[in-house]
Structures are given as structure tokens and as C-alpha cells.
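Let's take a walk through this protein together, one stop at a time. Have the sequence and the 3D view open as you read.

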Amino acid sequence: MDLKNLPPAMISQLVSMVEDYINSSRKKYAPQAVPLTDAQRAAMQPFFPAVVLDSARLCVLHGTRVSNPSMYPMAKMMGIRNLPDFADMVAITFVDVIVSHQEFTDTLLFHELVHVAQYAQLGVKEFAARFVSGFVEGGSFEEIPLEKTARALEARFGQNAGNPFSVEDEVRQWRAEKI
Ligand SMILES: [Zn+2]
């Protein structure tokens, strides 16, 4: 099925299900998540505003994986293929709670904090809407602009962590161009 032919009512239903998944996952993992360490904060401080670094919470899972949204069986029945498998991802950010399947490196933390900055600017509803529309347009998780931006900025950080830039400005600029 061509995702672009999905009726608008179905798209908005998917958006609200993704939104529910984000909110309920955040609630689930928040109690076991901790603030950045001083070292992590020092490494990220040149790139992110204090509000992002203050609000972010980290959680490393051991012996368990993040589960996929409960709507997946339904989405599959609707003929949607290529759904991202969250259990296979290195880490996932739910608003300000970053859940990882492995220990944090600075590069991984940077990437996920870009998502925290995106959530902070967009709000959960808009983030979910862009997640779904990006998937529908691009056909895969990798093609979602929220994800592509995070990867591009992560690469920039990885190439030269000694050359600071404002992720907040980058996200704002990206958002202005996308609208
Ligand atoms: Zn990402």
C-alpha cells in the first residue's frame, strides 16, 4: 500500500497513537531515569541550552528492551510496512527521557539531546505529527526529517566536538524551512 494514499483521518489517528506511545513511555521510564553527570553536562554544554540539559533524564536498560507501540499490529493490518523496531534501536527519546539499550557515549547522548531540543520546540503533538508525516512521505524511519536532522548534527559534532554550535538555532532554522 502506498502510504501517501492513507486517508487524513487515519493519519491523525496514527499521530494520536504515536503521541500516546511517547507520553506513556516517558511516564514508564521517568522514575528510573537520572540527570546528566557533570562530565556529560560539560561535554554537551557548548551545544545545548541549559533548559535542555536541566530537563533531560537518562535511563540505560539492562536485560530488557523498549517495546513497540501497541498500535503496531493494527498498522501492519493497514498494510504499513517498514515500521521501525524500537527494540532494535540504540536509544529512543520520549520528550525529555532518553532510554538507551547501551551505555551512553558523548555522540549517542548528543544525538538524543537533539531530539530533546526538537520536542522542546515543537511540543509532543507536533513532534508526533512530524514523525508520522515524515514516515509517510519518506517510507522509512531513516527518512524522517526529525531523524535526518539529528543524524546530520550528530555527524557535525562527531567530526569536531571542539567547534561549538547552537543546536537550538539549528532546530529553529530547520523548523522554519520545513513549514
Ligand atoms: Zn534519532
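Start with Val 95, which is buried, with a relative accessible area of 17%; buried means under 20% relative accessible area, exposed over 50%, and partly exposed in between, using a 1.4 Å probe and protein chains only. You'll find Val 95 in the loop between strand 2 and strand 3 (97-100). Helices (H or I, at least four residues) and strands (E, at least two) are DSSP runs, numbered from the N terminus. The phi of Val 95 is near 65°, a positive value in a residue other than glycine.

A quick word on where this comes from: you're looking at a predicted model, in which local features need pLDDT of at least 70 and side-chain atom pairs count only at pLDDT 80 or more, while totals for chains, interfaces and linings use all residues. Residues are numbered from 1 along each chain as its sequence is written, and side-chain values use heavy atoms, with hydrogens and water left out.

Back to phi for a moment. Most residues other than glycine have a negative phi. Asn 82 has a positive one, near 70°, and sits in the loop between helix 4 (72-77) and strand 2 (91-94).

Now move on to Glu 103, in the loop between strand 3 and helix 5. Glu 103 is exposed, with a relative accessible area of 52%. Not counting residues up to four places away in sequence, Glu 103 touches Val 60, His 62 and Leu 108, where contact means heavy atoms within 4.5 Å. Glu 103 and His 62 are 41 residues apart in sequence, and their C-alpha atoms are 9.7 Å apart in space.

Helix 5 and helix 7 meet at an angle of about 135°, with their axes 9 Å apart; axes are lines fitted to C-alpha atoms, for helices over the stretch in contact, and angles run from 0 to 180 degrees between N-to-C directions. Helix 5 and helix 7 are therefore oblique to each other: angles under 35 degrees count as roughly parallel, over 145 as roughly antiparallel, 65 to 115 as roughly perpendicular and the rest as oblique. The residues that meet include His 111 and His 115 in helix 5 and Glu 147 in helix 7.

Glu 19 is buried, with a relative accessible area of 15%. Leaving aside neighbours within four places in sequence, Glu 19 is in contact with Val 124, Lys 125 and Ala 128. Helix 1 packs with helix 6 (residues 124-138) at an angle of about 125°, their axes 8 Å apart. That makes helix 1 oblique to helix 6.
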